[in-house]
Amino acid sequence: MTAFWTEADFDDHELVEVVRDAKSGLTAIIALHSTHLGPGAGGTRFWHYAEPADAMRDALRLSRGMSYKNAMAGLPMGGGKAVILAKKDTAKTPEMLAAFADAVERLNGQYVTAEDVGISEADMAAVAQRTQYVSGLPVEGEDAAGGDPGPFTALGIFLGIKAAVRYKLGKDSIEGVHVALQGTGSVGGGVARLLARDGARLTLSDIDAGRAEALAAELGAETAAADAIMSVSCDVFSPNALGAILDDEGIARLDCQIVAGGANNQIKRPEHGPMLAERGILYAPDYVINAGGIISVTLEYLCRRDKAPCDINEVRKRIALIPGRLEQIWQESDRSGVSPDQVADRMAQELIGR
Ligand code: NAD
């Protein structure tokens, strides 16, 4: 494995720890990018990587992403991420999770973990048995912050789409605005329902065609094939499934004025942000528009840590700030000629003192 400090993705991370526990077979990496604003927060991924260097790259890149996301969400949290290196054909065991939890606890609150790809709610509940530094745990009661982040993420995206429509199309209402939506899962499904309630015209798509069709029937929407959704002629393309869809080919196919959706890491390479801008397409930076979930799980964590009451209205209040943040980015982009993704990165870097 290449030394991590020579990795292209190494960005003055404050701490990178390789955790080995021979007894359970655990190998994990915990990366803290920045604790300038607070403890490094970000989920744990359980994934089989072809090479250990791929795991290191993921931990470095994703922890930096969390610094930016938490900063732009106005949260008192830094950026961190953990990856557990799964061996091919070896299952996750309670002993591995226990050893991982002990490693998180040893960091004494510098890193706060949560669920991510390959880690279930039950896994995190097991981790939380051995360390208090866990966010996004299930909560009881409808008025509490926390729990499933999907609906909160969807709310932020819905508000962000409305802001983009106002900014780019000069319309105060979403009624009749045509949104082509990729991915109708937890986030995409929630966004579609909120848009439909306000009278938007929807074209829905999912690789699980049955899922998109069922939702379309419920909402009176149209559907498109998964490989056709990016070329649908529409006002807004809303990606809520995969990352890296905004590449040379994807951008060339778009027939819309706005890209605004919740999928993480939509822009494939740095040149693709400016490429969208050159085509006159307004882009809502993904980690700014999709912060509703992280806002909810973080407030739940902070309230639990501080033994303070925390109600859902505080979460909604903070999610309602997402449109303003996006407008600030778009205005700065228009003023400076720098694409919105790069404006967002610069703002985030400034917030974390870089
Ligand atoms: P999900 O698994 O509930 O839904 C994803 C949906 O996308 C599924 O229905 C799946 O069939 C579909 N899909 C996968 N590949 C597709 C393709 N090529 N074309 C069309 N549809 C496809 O996941 P989710 O929680 O809704 O997350 C969606 C995206 O939002 C992911 O990129 C995730 O990282 C991001 N995100 C989620 C949250 C959250 O709170 N859940 C927060 C921030 C970002």
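Leaving out the neighbours within four places in sequence, Val127 makes contact with Leu97, Phe100, Ala101, Thr113 and Val134, where contact means heavy atoms within 4.5 Å. Val127 itself sits in helix α3, which covers residues 121-128; helices here are DSSP runs of H or I with at least four residues, strands are runs of E with at least two, and both are numbered from the N terminus.

This is a predicted model, in which local features need pLDDT of at least 70 and side-chain atom pairs count only at pLDDT 80 or more, while totals for chains, interfaces and linings use all residues. Residues are numbered from 1 along each chain as its sequence is written, and side-chain values use heavy atoms, with hydrogens and water left out.

**Two residues compared**

Is Val127 buried or exposed? Val127 counts as buried because its relative accessibility is 1%, whereas Pro309 counts as exposed because its relative accessibility is 82%; buried means under 20% relative accessible area, exposed over 50%, and partly exposed in between, with a 1.4 Å probe and protein chains only. Pro309 belongs to the loop that runs between α10 (292-306) and α11 (312-319).

**The chain as a whole**

The chain contains 13 helices and 12 strands. Its radius of gyration is 20 Å, close to the 20 Å that the globule rule gives for 354 residues, so the chain is as compact as a globular protein of that length; this radius is taken over C-alpha atoms, and the rule is 2.2 Å times the number of residues to the power 0.38. Along its principal axes, the C-alpha trace spans about 60 × 45 × 40 Å. Of the 354 residues, 53% count as buried, and among contacts between residues at least 6 apart in sequence, 67% join residues at least 24 apart.

The domain assignment, whose bounds come from an automatic or database source, gives domain 1 as 4-66 + 78-127 and domain 2 as 150-289 + 323-351. The centres of domain 1 and domain 2, taken over C-alpha atoms, are separated by 29 Å.
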